[in-house]
Amino acid sequence: MQTNAHGGLLLLPPALLGHVWPPERGVTGLRVCKQLRRDLMLNCSRITLVQKSRSTLNQSTCLEDIRRLPQHMKVSLRWKEKNEATKLAAVVEECKGLTHLDLSGNNIGTEGAGHLAAVLRGCKALTHLDLRGNAIGVEGAEMLAGVLEECKAMAHLTLCSNRLGAQGVGVLARVLWKCEVLARLDLSTNRIGVEGAGRLAEGMGKCTTLACLDLSENSIGAVGVRRLARVLGDCKALTRLDLSVNAIGAEGAGILADVLGNCTALARLDLRQNSIGAEGADSLAG
């Protein structure tokens, strides 16, 4: 059985099986489907579903296979057609032992976030959630926030490129500290600005397990850095901080330089494309 680059199984609609199944295996059609199903039941720890077109979707078949899967699985779902949020949610709902869920790039929008939030309440084992590139917006963030505070096992959360803005990040910041083992948080490319940086700072200090934080491409500027700097010293577990492409300038670099001494665990600080210049570099060099 072939696996993808991450060691997972690639499950395709029957019409596309011929493109991925090795010709030398000498099996086609129903025999291929049966072999796929056997391998699913015996070996699968990660399943990737790729939907190519509405005409080839067989949701009932997908669900039938997923119901038989072992517990503690990793699932990546890719639906090419837009507005398939209810189908995605139906698949996720069947994965009671789900630990990793990747729905990146599905453009689920606000409506999809609502459907997803409704089914995630049953995913008590979920540790990794990737929703990058889904345009969930502020309303979607509000729906997810109500679920995240119940996800006690959540360790990695990726929400980059979701049009959250300052308001959306503020909603999430109020509940993130309730994710008691949250270690990685990606909020890059969300246009949070100065206000969003301030709202995030209000909750960051309580995230005692947070080790990696990505806030790149958010236009937070020097003023936003100042607001974050007030709590950086409280993030004792923080080892990586990405503030690249945020126009912080030399002033922002100087602000960071004043607090870095309190960030005893910080091993990597990314300040690329911030126009800090020689003055900012000198401040950081101390």
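Helices (H or I, at least four residues) and strands (E, at least two) are DSSP runs numbered from the N terminus. The model is a predicted one, in which local features need pLDDT of at least 70, side-chain atom pairs count only at pLDDT 80 or more, and totals for chains, interfaces and linings use all residues. Residues are numbered from 1 along each chain as its sequence is written, and side-chain values use heavy atoms, with hydrogens and water left out.

The buried set of α9 comprises Gly-221, Ala-222, Gly-224, Val-225, Leu-228, Ala-229, Val-231 and Leu-232. An α-helix has 3.6 residues a turn, so residues three or four places apart point the same way. The length of α9 (residues 221–232) agrees with expectation, because its 12 residues at 1.5 Å a residue should span 16 Å and its end C-alpha atoms are 16 Å apart; the expected span is 1.5 Å times one less than the number of residues.

Across the protein, 11 helices and 10 strands are present, and 52% of the 286 residues count as buried. Contacts (heavy atoms within 4.5 Å) with a separation of 6 or more are accounted for at 84% by residues 24 or more positions apart. The average pLDDT, the predictor's confidence in each residue from 0 to 100, is 77, and 69% of the residues score at least 70. Over residues 1–63, pLDDT stays under 50, and the model has 98 contacts beyond four places in sequence for this segment.

Apart from neighbours within four places in sequence, Leu-120 contacts Val-92, Leu-101, Leu-126, Leu-129, Leu-144 and Val-147.

Asn-162 lies in the loop between β6 (156–158) and α7 (165–176) and is buried, because its relative accessible area is 0%. A polar atom of the Asn-162 side chain is 3.1 Å from the backbone oxygen of Leu-159, and the side chain also reaches the backbone oxygen of Cys-160 at 3.3 Å. Beyond four places in sequence, Asn-162 is in contact with residues including Leu-131, Arg-132, Gly-133, Thr-189 and Asn-190.

The structure holds 0 disulfides, a disulfide being a pair of cysteine sulfur atoms within 2.5 Å. For Cys-207, the nearest cysteine sulfur is that of Cys-235, 7.1 Å away; this distance is too far for a bond. Cys-207 is buried at a relative accessible area of 8%, and Cys-235 is buried at 4%.

Positive phi values of about 55° occur at Glu-217 and at Ala-247, although neither residue is a glycine. Glu-217 is placed in the loop between β8 (212–214) and α9 and is partly exposed at 43% relative accessibility. Ala-247, in the loop between β9 and α10, is exposed with a relative accessible area of 60%.

Key:
Buried < 20%, exposed > 50% of the residue type's maximum accessible area, 1.4 Å probe, protein only. Polar contact = N/O pair within 3.5 Å; in protein donor to acceptor, adjacent residues only side chain to side chain.
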